Amino acid sequence: MYLSEFISYLSLEKNYSLHTIKAYENDILEFGRFCLSNYDVEDINTVEYNIVRFWIVDLSENKINNRSINRKIASLKAYFKFLQKIGVTDVNPLNKHKALKTAKKVEIPFSEIEMKNVLSQIDYKEDFEGKRDELLIHVLYVTGMRRAEVITLKVSDVDFETMTIKVLGKRNKERLIPMFTETRDKFKEYLEVRSHLNEVVDVETMFLTKSGNKMYETLVYRLIKKYFREVSSKVKTSPHILRHTFATHLLNKGADLNAVKELLGHSSLASTQVYTHNSIAELKKVHAKAHPRGNKK
């Protein structure tokens, strides 16, 4: 196998995140174990599509959903494409593979009232954690940043002079997000209480734990659930729902799709368009209410 070379390629040439690279590696190793245990094949570089098809059947029988299977096959397809690139194989056995059908994943954003309540009605504490939690929720909503982007945000990325936030997105792609006066003030309040922490380990990182270390993913999830439980009955609450809410509210207010794409850091409009179904629903209401024929039976 040329797995180590493939991992280097994903890291150095494709600039994939460590999380994505690990997922690719795990998928390929899993396929390798399947080939060895079921077909006594040690070198997966020589397999044909029928073995891949049997793996798909095996995954399905083990209750792996189609979305996860598609991701695993995408990893495998990328690996074989790499083998073609370096001249190890002439044919990618997955060239004609068609992805399995998946149910449309509909995520319901928070309403404007829910957002107003979580930002204005909750009595956040005046200590470090209270100021941090309030700022965290505010920033996720007004910038549409990804969870990983917020966690890795540096103090130096927030520019009070130009009123912008520099965000390092997927594949190390940078973008600038405008900052509201309210956002600036919340950052300053947080940095003031942060300066009184007994110890700051990750000095450059903006969002910290009370022990002075960089925040971690599960803590961000926990905080979102904790505060939104007070204002919303939604079962699913997460940082991504806040990103979804940011995009939906902008589009509902008439924001240009291309502008929203840039703010979200998407590489193509297709990625941004998944957020438009809520906006279409809103447009239908406005259209039905405002058009002379809208109330006709």
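In what order do the three strands of the open sheet stand, and is the pairing parallel or antiparallel? In this predicted model, the order is E1-E2-E3, and the pairing is antiparallel. Strands E1 (158-159) and E3 stand at the edges with a single partner strand each, so one side of each is left without a neighbour in the sheet. Strands of a sheet pair through backbone hydrogen bonds, either parallel or antiparallel.

The two pairings can be taken in turn. E1 is joined to E2 by two bridges, and Val 158 stands opposite Ile 165 in E2. These two strands form a hairpin with four residues between them, and Met 163 in the turn has a positive phi of about 55 degrees. E2 and E3 pair in the antiparallel sense over five bridges. Ile 165 has Ile 177 as its bridge partner in E3, while Leu 168 has Glu 174. E2 and E3 also form a hairpin, here with five residues between the strands. Arg 171 lies in this loop, between E2 and strand E3 (174-178), and its phi is near 55 degrees, a positive value in a residue other than glycine. Asp 40, in the loop between helix H2 (18-39) and helix H3 (49-61), likewise has a positive phi, near 55 degrees. Asp 40 is exposed because its relative accessible area is 64%, and over 50% is the cut-off for that class.

The largest nonpolar core holds 40 residues, of which Val 118, Phe 187, Phe 207 and Phe 228 touch the most other members. At least two residues of this core come from each of helix H5 (112-120), helix H6 (128-143), helix H7 (147-151), strand E2 (164-168), helix H8 (181-194), H9 and helix H10 (239-252). Helix H6 gives the most, with eight residues. Once residues up to four places away in sequence are set aside, Phe 187 touches Leu 135, Val 139, Leu 153, Val 158, Phe 160, Ile 165, Met 179 and Met 206. A second, separate core of 28 residues includes Leu 3, Ile 21, Ile 69 and Phe 80.

Which residues does Tyr 227 contact beyond its neighbours within four places in sequence? They are Val 118, Ile 122, Tyr 124, Asp 133 and Ile 137. Among them, Val 118 is also one of the residues that touch the most other members of the largest core. Tyr 227 is found in helix H9 (residues 217-228) and counts as buried because its relative accessibility is 7%, where the class requires under 20%.

A pair of aromatic rings is described by the distance of the centres and the angle of the planes. The count comes to 13 aromatic pairs. The rings of Tyr 39 and Phe 54 have centres 6.1 Å apart and planes at 25 degrees, so this pair is stacked. Tyr 39 lies in helix H2 and Phe 54 in helix H3, so the pair ties together parts that are 15 residues apart in sequence. Both partners are partly exposed, Tyr 39 at 34% relative accessibility and Phe 54 with a relative accessible area of 41%. Tyr 124 and Tyr 227 form a tilted pair, at 5.0 Å centre to centre and 40 degrees between the planes. Because Tyr 124 lies in the loop between H5 and H6 and Tyr 227 in helix H9, this pair ties together parts that are 103 residues apart in sequence. Both Tyr 124 and Tyr 227 are buried. Elsewhere, ring pairs link Phe 6, Tyr 9, Tyr 16, Tyr 24, Tyr 79, Phe 80 and Phe 82 into a cluster, and Phe 80 is also included in the second core.

Two lysines complete the picture. Lys 188 lies over the face of Phe 160, at 5.2 Å from the ring centre. Lys 131, in helix H6, counts as buried because its relative accessibility is 14%. Apart from neighbours within four places in sequence, Lys 131 is in contact with Lys 125, Glu 126, Glu 189, Tyr 190 and Val 193.

Terms used. Residues numbered from 1 in each chain as written. Predicted model: local features only at pLDDT ≥ 70, side-chain atom pairs only at ≥ 80, totals over all residues. Heavy atoms only, no water. Buried < 20%, exposed > 50% of the residue type's maximum accessible area, 1.4 Å probe, protein only. Contact = heavy atoms within 4.5 Å. Core = buried A, V, L, I, M, F, W, Y, C linked by side-chain atoms within 4.5 Å. Pairing = 2+ DSSP bridges. Phe/Tyr/Trp six-rings, centres within 6.5 Å; stacked < 30°, edge-to-face > 60°. Lys NZ or Arg CZ within 6 Å of the ring centre and 35° of its normal.
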